[in-house]
Amino acid sequence: MKTKKQKRQGDFQKIQLKVGKKKPKADNATNVNFRSKAIHLPEQLKHADSGPTTHRQLDIKDLLSKLHHINSNIKQGALVGLRELLSAQPTLIELHASAVLSEVAALFTDKDGSVRAAAVRLLRFIAQCISAERVAPFFPLLSAHLTCAMTHISEAIQEDALRVLDVLLEHYPGLLSQRHTVLLTNFLELISQKRKAGTGQDKSGKGGFALTISTNRSVTAQQWRLTVLLRLGSFLQAVVEERPLEEGVTSMIGLGMWAGEKGSVTSVDVSWEEHVFGKGRIQVFENSGAVPTPHSTYRLRPDSKAVAGMNKELCSAETVQGFAGTLVPLMLEIWVEAAGGDRVQTDSGHLLSAEAMALMFQILTILQLLRRLTPQRDQQDILDAWFRNSYLTDFKHHFMKNFPYGLLEVARHRKKADGKRIRQQQVATGTVAGGNVEPLALNVTLCQVMVTLSLRGQDHVEAEDADWLGTIRVFIRETLSNGGKLSSKHLAALLEVVWRMIVTQRSRVVTDDLLQAVYVQYQQRNLAVSVRTLLLHFFSQLYIQEHQNHPHIARSRILARWLASLPVQLVQLCSRNPQLSAQLLETIHPAAARGNKDLLQSLQKNACSIYDPQEGSVVVLPVESQKRLVQILHFLPTFPAELLACLSQVCNTGRVSASLATMLIRTIHLRSPLSGWSSSSQDVPVKDVDYLSFFFTTLTGFSSEMLQALQDTDEDGLMPSSTLSPLSVFTTTLEQFLHHWDVVEEVCHCLDTLGSRAQCFDVIQNAIIKNLCGLVVVPDCVCAAILRCVPRLLDVNFLPSDTLLHFLSDCCLSMLSLLLQLEQSARKRDAVWEACFAAMSTVPRLLRLVLQSLHVGDLCEEELPVLAQILSLLLQHTQLRNHMMANASLLQHIIQDLTHFYGGETREQWLTDLLYCYSVTLSGHRANMGMRDIY
Amino acid sequence: MSAPVEVVLSADSAGQLFNCAVFDPHSGSEFLSYRGGNTSSRSLTVLNGEYILGAQLGKNFINVWEIQRKDQLQQKIVCPGIVTCLCASPDGLYVLAGIAEAIYLWEMSTGNLLAILSRHYQDVSCIRFTDDSSHFVSGGKDNLALIWNLSSVVQLDSSRTPEPCHILSRHSLPITDIHCGLMGPQARVATASLDQTVKVWEVSSGEMLLSVLFDVGIMSVTFDPCEYFLFCGGSDGNIFQVSLCSTSLSRDKTFQTDSDGNQVFKGHRNLVTCLSVSMDGTLLLSGSNDETVRMWDVQSKQCIWSINHKGHVTNAVIIPAPANMFLADSHPAVPLPRFSRHLNPSEQGDGTGSGGMCLRLGASTQVTSETSLKVLERCDDKCGSVLCQSVFGDGENTKVRVSELEEEVKTLKKINKDLYEFSTQLLTKPN
């Protein structure tokens with residue numbers, strides 16, 4: 001029993017625990033003496049054949065799964081790996097876009113900064129590879145994460161969210177701008193917080209925001225605001241630019257600025273074309289008859305109702321007003337802080353630090369963009385008026401107080417010890433603001449913003465605005481006329497301001513003052529082409545668009561002087577810059593059409609140099625400009641003889657196309673009172689004498705000096721004169737011949753339509769006899785021209801003089817033998833034949849003369865075949881047949897002589913042909929009796 | 001002989017035989033001729049079917065004949081300058097004259113000069129009204145064509161100078177001729193220019209619909225009434241016919257002769273200065289500087305007859321025959337007033353002479369209600385509903401409805417009459 005009891009005690013022996021003694025270890029205690037190490041697998045061992053991998057043999061699935069890892073280092077590593085993988089295998093991006101994008105987007109709000117940075121870097125890389133259309137389905141997700149990050153409680157995440165925004169703005173501005181409803185409030189919240197409802201301070205209406213100042217950011221509050229405003233600016237820019245373009249409203253920054261001033265007439269017809277032609281058949285008239293074009297501005301009464309359907313797109317004035325109502329007060333606060341916080345002294349209030357300047361510049365840019373958010377013109381006007389009513393006093397007070405701002409020379413004022421800090425600061429600002437802002441840019445933008453607030457043409461308002469507009473005017477004048485060179489961007493902005501001020505202020509003094517300044521800039525030498533173009537465009541648009549509506553612009557001396565200088569510039573410019581010349585012409589043409597006296601005078605003075613046949617603009621410029629120059633001729637007040645001489649040469653030198661030359665000839669014709677078109681004007685632009693001499697010179701194509709020079713040369717192209725070709729013919733190139741042929745055609749046509757044909761022919765006959773008949777060497781094109789024009793102009797009742805006829809018969813024979821002897825192109829041959837035959841059939845005496853001049857006895861052996869060919873050609877021509885018949889005896893005589901003189905034994909082909917032709921021609925009439933006589 | 005439906009009216013610059021003459025469009029035989037002076041180009045117009053107005057070539061007056069008294073010049077209207085073109089509105093209420101750069105607008109009932117529009121920079125070469133007299137188009141030697149709304153021009157509003165509703169500025173050389181199609185403000189207008197193009201525009205929007213480029217300057221242009229064809233008279237004497245229902249896809253066509261309607265009428269030897277198509281679209285009249293007027297058959301493009309004139313043909317037009325023309329003893333319903341030469345009648349001194357009173361719309365009281373579109377829409381609705389009723393409604397209902405409507409018309413007529421009486425009373429009240 002006892003043992004049993006003892007045994008039991010032994011089993012359950014109680015261990016006495018004592019204070020101070022160490023507690024014995026329990027039997028079942030785990031020994032934790034061992035040490036463990038993690039097995040780190042940065043790369044897989046297997047050579048997976050499932051797909052491409054990184055250098056650590058991780059494929060995309062592994063990497064994506066690692067993004068959910070708790071450890072930030074692994075996450076970052078995975079992001080880096082993803083970038084590596086995707087850059088090596090760009091096709092993977094397309095395949096896994098949804099997974100990659102959603103995972104990356106989730107990391108925008110990661111706690112760890114390095115992970116976020118890596119995520120942004122990866123996003124940037126992906127954005128480069130995928131087009132906007134392909135991202136569009138995932139964009140709601142991306143933007144949701146972006147919003148999440150922007151509104152995150154942690155400020156570091158907010159800062160990085162802006163980097164994400166940068167990437168998206170850079171690559172997908174269109175997609176981002178669709179999300180403006182959410183993003184705009186986010187922007188506001190980044191720099192401010194909602195005022196509590198109870199404070200009663202919010203006088204700015206709904207949703208009064210107050211600027212926030214947080215002390216624990218890595219940057220100062222100002223810098224932070226600058227970064228946010230920068231993003232807001234570029235975001236608004238994206239919204240403005242990505243909006244589907246409306247008709248007649250261009251949102252180009254530089255040159256489109258004047259388009260908005262155009263008024264109600266928009267002559268753009270592209271979309272109309274799309275409407276109609278998109279449906280296949282042309283039905284232009286059927287459609288527009290039943291349904292007026294959508295651009296029809298014809299209203300019996302203008303719509304008084306507002307535009308139906310207040311869509312939530314950011315383009316109605318109301319929505320913009322709503323947003324601006326909260327944003328503008330905030331920006332004003334920022335401005336005040338930037339301006340006042342920096343310098344306290346009033347005397348140097350206009351000097352700003354670089355940072356403040358960047359901030360102010362950003363504020364002004366945003367204000368500008370806000371105005372441009374509304375595309376429609378009427379909406380824009382509403383918005384302008386609203387801005388004026390709500391903020392003019394504020395703007396005037398804050399912006400204009402120290403208006404021409406300058407850059408504060410920071411380094412001079414600070415101590416050396418501070419230098420390092422400043423440099424750091426500058427680096428920080430530089431990286432954030434993307435470069436410093438020039439004071440000029442700031443001032444110009446300020447002018448732009450302020451000038452939009454000035455109202456059009458109401459006298460009482462004008463006086464009100466006079467003070468601050470005056471300051472702006474002085475600034476602009478000085479900037480433009482101090483001789484410095486401006487970049488085209490600044491200049492464009494300045495010109496926009498000038499334009500607006502000229503139009504709104506309606507005063508001649510202001511106009512001349514400003515235009516003078518612009519003109520000084522314009523007159524500078526060595527301007528860059530873009531700047532020059534800009535200035536030119538400014539003046540020409542000012543003249544063309546606003547001229548009629550604003551008498552003060554029309555009367556401006558500067559504009560008149562500028563217009564008068566245009567022809568001189570055109571001459572000086574020559575062919576150096578065809579685009580610029582074209583632009584000059586674009587102004588000269590309408591101004592000439594409008595009969596601007598200054599321009600026309602100057603044009604008249606320089607006409608001879610512009611239309612110079614050697615190096616005048618009309619020959620050196622491209623075809624389009626040439627055409628304009630020819631059209632401008634139509635408006636020239638008078639055509640003195642020298643100018644007509646120039647023009648005649650221009651027509652013939654071949655440096656303008658034949659069609660243009662005919663246009664030129666027609667213009668001269670129409671301007672002459674002889675044409676009977678130009679009505680009752682008293683002054684005669686083209687004198688009749690000059691007119692006729694112009695046409696004769698153009699007809700011959702060679703001036704008398706050239707013909708004279710030709711008499712003495714002995715070139716290869718010359719065919720010596722012989723019995724068969726009484727004149728020695730100078731063969732011109734085919735090109736020149738055809739060109740001249742076209743010109744002759746037009747000249748004949750014009751001369752043909754003159755009132756009295758007999759007199760006209762008399763004049764031409766005299767001119768030919770006087771100028772051409774004595775010549776020994778005659779160019780072939782002149783021969784052809786004379787042969788062509790004489791039958792066309794000859795009146796039935798008029799007897800041409802013998803001298804002329806003899807000359808014509810010489811021409812005719814020479815040309816015919818020339819054609820048969822030399823290889824000529826088909827077109828030239830046809831033209832000459834046609835002319836010869838026409839001449840001979842209209843003037844029967846000419847044919848007789850030609851036949852009479854064929855003295856077979858004087859010919860040498862080689863010329864006989866040519867003569868025979870000529871004769872057979874004449875015989876074959878049906879129109880000539882009757883006339884040949886009339887000269888049958890002469891013909892018979894020639895042929896008899898020909899057979900007689902030809903001593904060859906065998907009958908050559910040409911003789912057979914001739915005899916055959918002869919028999920066929922005469923067979924009907926004389927029943928072969930001539931043939932018997934021959935044999 | 002029954003009176004013809006249409007007549008040809010033509011004039012030349014010499015004026016030896018007659019100033020202007022009326023011919024039969026089918027035979028070319030002369031009906032009447034009006035003597036005295038000659039008429040300048042595009043300035044012969046028939047006012048209200050009762051008067052013929054023609055501007056003297058190179059002088060500053062307008063010759064006026066009563067249409068039935070062919071031998072006697074009724075009046076000479078002296079103008080401030082040489083009249084370059086002249087046009088009377090189809091409703092006979094207004095006369096427009098281009099005098100140098102300005103357009104003068106007279107009201108026919110009083111002879112008052114209502115407006116001087118000087119928006120052209122150079123001489124006005126042509127003015128045309130739309131068929132409902134609501135708009136007019138003016139073309140000038142400054143390459144511009146302007147579309148004006150007549151009511152806005154007439155508005156009495158001294159503070160604002162009238163503006164054209166559209167400026168057509170796509171031509172690059174002077175405009176030579178304008179033709180307005182039918183359908184009032186929804187019409188198409190064709191402009192011809194020396195820049196070798198003819199452009200077709202829409203009056204309502206000022207949009208260019210078509211531009212046809214030729215290889216000669218175009219001196220005259222016209223549509224047929226259906227606007228199937230565009231006829232363009234070239235400066236080389238050819239008349240080009242452009243088919244407007246071809247299926248070409250490009251907006252800018254180059255003219256070429258082909259089989260589907262683009263064809264040429266050949267016969268004239270000099271500028272074709274006037275073109276006109278008859279009501280039924282089968283006859284084309286052309287006048288040229290070669291001193292002939294020719295009538296063509298549009299279908300076969302043959303010349304039917306030609307009449308020689310003694311000078312350049314300045315005007316040739318086919319017009320519906322005015323009723324008074326062949327009734328020698330008829331009288332114009334309205335006597336022609338004296339045309340005032342100054343804008344403000346009070347300055348003239350004898351403004352009280354006529355005793356008439358001038359009613360003009362002020363700017364604010366313009367009594368126009370709806371856009372033409374809406375009117376059209378509503379008409380369309382009405383037609384639709386009427387159609388529905390007449391087709392689907394039962395007879396009994398319709399009868400009741402008709403009687404109701406008749407009642408309505410009666411009351412409206414009564415109200416109208418009362419209103420008229422009241423207002424005449426008010427207007428004719430002494431003092």
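B:Thr197 counts as buried, because its relative accessibility is 7% and the cut-off for burial is under 20%. In this predicted model, B:Thr197 belongs to strand E18 of chain B, which covers residues 197-202. The side chain of B:Thr197 makes a polar contact with the side chain of B:His171, at 3.3 Å.

A:Asp512 lies in helix H22, residues 508-523 of chain A, and counts as buried because its relative accessibility is 11%. When residues up to four places away in sequence are not counted, A:Asp512 touches A:Ser556, A:Arg557 and A:Ile558. The C-alpha atoms of A:Asp512 and A:His552 are separated by 9.1 Å, although the two residues stand 40 residues apart along the chain.

| Residue | Element | Relative accessibility |
|---|---|---|
| B:Thr197 | strand E18 (residues 197-202) | 7% |
| A:Asp512 | helix H22 (residues 508-523) | 11% |

Chain B contains 3 helices and 29 strands. Of its 431 residues, 53% count as buried, and its accessible surface comes to about 19400 Å², with 54% of that area belonging to carbon and sulfur atoms. Among the contacts in chain B between residues at least 6 apart in sequence, 48% join residues at least 24 apart.

Within chain B, 4 strands form an open sheet with antiparallel pairing, in the order E20-E21-E22-E24. The edges of this sheet are strand E20 (218-223) and strand E24 (263-265), each of which pairs on one side only. Neighbouring strands of the sheet are turned by 25° against each other on average, with direction ignored. Strands of a sheet pair through backbone hydrogen bonds, in either a parallel or an antiparallel manner. Strand E22 (residues 239-243) of chain B runs antiparallel to E24(B), and 3 bridges join the two strands; B:Ile239 stands opposite B:Phe265 in E24(B).

Notes. Residues are numbered from 1 along each chain as its sequence is written. Chains are lettered from A and ligands numbered from 1 in the order in which they are written. This is a predicted model: local features need pLDDT of at least 70, side-chain atom pairs count only at pLDDT 80 or more; totals for chains, interfaces and linings use all residues. Side-chain values use heavy atoms; hydrogens and water are left out. Two strands pair if DSSP finds at least two bridges between them. Axes are lines fitted to C-alpha atoms, for helices over the stretch in contact, and angles run from 0 to 180 degrees between N-to-C directions. Buried means under 20% relative accessible area, exposed over 50%, partly exposed in between (1.4 Å probe, protein chains only). Contact means heavy atoms within 4.5 Å. Accessible areas come from the Shrake-Rupley method with a 1.4 Å probe; for residues, only the protein chains shown count as cover. A polar contact is a pair of N or O atoms within 3.5 Å; within protein, one must be able to donate a hydrogen and the other to accept it, and residues adjacent in sequence count only if both atoms are side-chain atoms.
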